[in-house]
Every structure is written in structure tokens, then in C-alpha cells.
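Trainee: I would like to learn how to read a structure step by step, beginning with the overall fold and ending with a single residue. Could we work through one together?

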Amino acid sequence: MEKPIKCCLCESQLDKNTVGLNMKFHGRKITKYFCIKCLAAHLDISVEDLLAKIEDFKSQGCTLFE
Ligand SMILES: [Zn+2]
């Protein structure tokens with residue numbers, strides 16, 4: 001079992017899509033992850049925009065997303 005990944009700011013547990021999103025923005029070798037809310041704040045965009053991006057990546061067939 002992979003250990004659960006938590007947000008480095010608020011410690012909420014991340015789902016696969018959020019982990020994938022972190023990798024898309026920060027590369028696959030990152031050690032710190034953000035939950036979708038903290039990532040949105042960090043990137044200064046809205047959570048809705050991030051959710052839309054997840055859908056975009058999924059439709060491109062990216063394997064980081066489910
Ligand atoms: Zn967070």
C-alpha cells in the first residue's frame with residue numbers, strides 16, 4: 001500500500017486526481033503536496049478552475065488522473 005499523501009499546509013488527505021494535479025504543476029518528483037484548496041490559493045486561481053483542469057487532463061488521457 002502506498003501511504004496516503006496529505007496536504008503540506010492543512011493535512012487533509014489527497015485523492016488521486018489532486019496528487020496528479022500537483023505533479024502537473026510542480027513535476028513528478030515533488031515532495032510537498034497541496035490539497036485542491038491550498039493549491040488554488042498557492043497558484044492564485046479558483047478551485048473551479050483546478051477542477052476544470054482535472055477534466056481537461058482526463059480527457060487528454062493522462063494516466064495521473066482517474
Ligand atoms: Zn490544504
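What follows is a conversation about this structure, feature by feature.

Mentor: Keep in mind from the outset that this is a predicted model.

Trainee: How many helices and strands are there in the protein?

Mentor: The protein has 3 helices and 0 strands, and along the sequence these elements follow the pattern α-α-α.

Trainee: What radius of gyration does the protein have, and what would a compact globule have?

Mentor: A compact globule with 66 residues would have a radius of gyration near 11 Å, and the protein has 11 Å, so the two agree. The C-alpha atoms fill a box of roughly 30 × 30 × 15 Å along the principal axes, and of the contacts with a separation of 6 or more, 44% join residues 24 or more positions apart.

Trainee: Which residues make up the largest nonpolar core?

Mentor: In soluble globular proteins, nonpolar side chains tend to be buried together. Here the largest nonpolar core consists of 6 residues, namely Leu21, Phe34, Cys35, Leu39, Ile54 and Phe65, while buried residues account for 14% of the 66 residues in the protein. One of the core residues, Cys35, is also in contact with Cys7, Cys10, Ser12, Leu14 and Thr18, once its neighbours within four places in sequence are left aside.

Trainee: At what angle do helix α1 and helix α3 pack?

Mentor: Helix α1 (residues 16–26) and helix α3 (residues 47–59) pack at an angle of about 90°, with their axes 10 Å apart, and α1 and α3 are therefore roughly perpendicular to each other. In this contact, Asn17, Gly20, Leu21 and Lys24 of α1 meet Leu50, Lys53, Ile54 and Phe57 of α3, and the residues involved divide into 4 nonpolar, 2 polar and 2 charged.

Trainee: Which residues of α1 are buried, and what covers them?

Mentor: The buried residues of α1 are Thr18, Gly20, Leu21 and Asn22, and what covers them includes α2 (36–43) and α3. Just after α1, Gly27 takes a positive phi of about 95°.

Note on methods. Residues numbered from 1 in each chain as written. Predicted model: local features only at pLDDT ≥ 70, side-chain atom pairs only at ≥ 80, totals over all residues. Core = buried A, V, L, I, M, F, W, Y, C linked by C-beta atoms within 7 Å. Buried ≥ 20, exposed ≤ 12 C-beta atoms within 10 Å, placed from the backbone. Contact = placed C-beta atoms within 7 Å. Axes fitted to C-alpha atoms, helices over the stretch in contact; angles between N-to-C directions. Helix = DSSP H or I, 4+ residues; strand = E, 2+ residues; numbered from the N terminus. Parallel < 35°, antiparallel > 145°, perpendicular 65-115°, else oblique. Nonpolar A, V, L, I, M, F, W, Y, C, P; charged D, E, K, R; others polar. Rg over C-alpha atoms; globule rule 2.2 N^0.38 Å.
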